[in-house]
Amino acid sequence: MNEPLVRRMREFGTTVFATMTKLAVETGSINLGQGFPDTDGPARMLEHAVAAVRDGFNQYPPGPGVPELRQAVADHRKKWYGLAYDPDGEVLVTVGATEAIAAAVLALCEPGDEVVVFEPYYDSYAAAVALAGAVRRPVTLRVDAGRFTFDPAELAAAVGPRTRAILVNSPHNPTGTVFNRQELEAIAEVCRERDLIAISDEVYEHLTFDGVEHIPLATLPGMRERTVMISSAGKSFSVTGWKTGWICAPAPLVGAVQAVKQFLTFTAAAPWQLAVAYGLREEMDWVAGLRAGLQAKRDRLITGLESAGFGVLRPSGTYFVQTDIRPLGFDDGLELARRLPELAGVVAIPTQAFYDHAARGRHFLRFAFCKKDEIIDEAVTRLRRLGG
């Protein structure tokens, strides 16, 4: 039989996350690769999910999402960011942010359209663009003054006659950067001048550190009407397995995304939706505690990685720390990631997997710090073998 996979998806094999997690299991290594917490979310929110199951909320909910969650999302946008969205028509519940991104790209991009992405990018972005038959145009984030940022001139140059959308991610995975107002203004200016849609992945919106503010792109002048704002319960409430996300956007954009989403998953699981509605209303203090705890874990891992000889870039958000492996005498992150279980009993993610221009990320490894303190400490102890 000839290769059954369609040509546009052949560059995408098993995700690097699945590959490295499998390696961790096979070798008994500590997994600081895939970004999932090893503790549960708020207990009362979990109890609401259990109660929803027991109370019979086990059949198809409405396609746009249960009214309670759509209202809670709208209230949350208004309270936190001053953005008013109509829960009936401007909010759509999705099966996690990954579906929201895929459905948005599929709904809004014709074959041959171009989508600007910032590299390194979360791997589903490239796959979603390929599924749509669109073309990705990467703009590279480079280290400047200890953080990843972009050159506005490179962003403007990446936009051409066929550009349809810019896919923005802030707080940014995998670099941990949080775009500041000046950077967001540069993105907004390009979107307004070239009449582009912004697909804005903000799943780490509440996980920023050191007082750094998350600024939604939709809050900038002229951007609410052209931004698909994507969020998720998974990161904010440490329930990544619930796969409950949502988009907020003007009704025509939401309608377009829902037209595609209904033929992907139709709807999202009802019990989790009801529990997340409760969480958005009642558990934001828990989220604040999570953020403080993650900042402490970040600092714990950074100190350990530096003591092991890595060059470390201090993230302002997300679960992740980027490290430069060159001080340890290595120059190929993919090769080191494959050998790390043998050398130190730890698994990390090679950042070059998230670039079109892989050489630009060749010397970076990404480590996740959303783990128990004792796991972080043991991983650091093992990683110190590299410098020995």
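Me: Helix H5 lies across several strands; at about what angle does H5 run to S4?
Reply: Helix H5 covers residues 123-131 and lies across strand S3 (114-119), S4, strand S7 (163-169) and strand S8 (197-201). Helices (H or I, at least four residues) and strands (E, at least two) are DSSP runs, numbered from the N terminus. Axes are lines fitted to C-alpha atoms, for helices over the stretch in contact (heavy atoms within 4.5 Å), and angles run from 0 to 180 degrees between N-to-C directions. For H5 against S4, the angle is about 150°.

Me: What kind of model is this?
Reply: Residues are numbered from 1 along each chain as its sequence is written, and side-chain values use heavy atoms, with hydrogens and water left out. Local features need pLDDT of at least 70, side-chain atom pairs count only at pLDDT 80 or more, and totals for chains, interfaces and linings use all residues, as the model is predicted.

Me: In what order do the seven strands of the open sheet with mixed pairing stand, and which strands are its edges?
Reply: Two strands pair if DSSP finds at least two bridges between them. By that rule the order is S2-S10-S9-S8-S7-S3-S4. The edge strands each pair on one side only; they are S2 (91-94) and S4 (135-140).

Me: By how many degrees are neighbouring strands of this sheet turned against each other on average?
Reply: The turn is an average over neighbouring strands of this sheet. Direction is ignored, and the value is 20°.

Me: Which residue in S15 is the bridge partner of Pro-350?
Reply: S14 and strand S15 (residues 364-368) run antiparallel. Two bridges join them. The partner of Pro-350 is Leu-365.

Me: How many helices and strands does the protein chain have?
Reply: The C-alpha atoms of the protein chain fill a box of roughly 60 × 55 × 50 Å, taken along the principal axes. Within the chain there are 13 helices and 15 strands.

Me: What share of the 388 residues is buried?
Reply: Buried means under 20% relative accessible area, exposed over 50%, partly exposed in between (1.4 Å probe, protein chains only). In the protein chain, the buried share is 57%.

Me: Is Glu-99 buried or exposed?
Reply: Glu-99 has its place in helix H4 (residues 96-108). Leaving aside residues up to four places away in sequence, Glu-99 touches Thr-94, Lys-261, Leu-264 and Thr-265. Its relative accessibility is 8%, so Glu-99 counts as buried.

Me: Which side chain makes a polar contact of 3.1 Å with that of Glu-99?
Reply: A polar contact is a pair of N or O atoms within 3.5 Å; within protein, one must be able to donate a hydrogen and the other to accept it, and residues adjacent in sequence count only if both atoms are side-chain atoms. The partner side chain belongs to Lys-261.

Me: Is Asp-195 buried or exposed?
Reply: Asp-195 sits in the loop between H7 and S8. Its phi is positive, about 55°, although it is not a glycine. With a relative accessible area of 56%, Asp-195 is exposed.

Me: Is Ser-238 buried or exposed?
Reply: Ser-238 has its place in the loop between helix H8 (233-236) and S10. Its phi is positive too, about 55°, and Ser-238 is not a glycine. With a relative accessible area of 7%, Ser-238 is buried.
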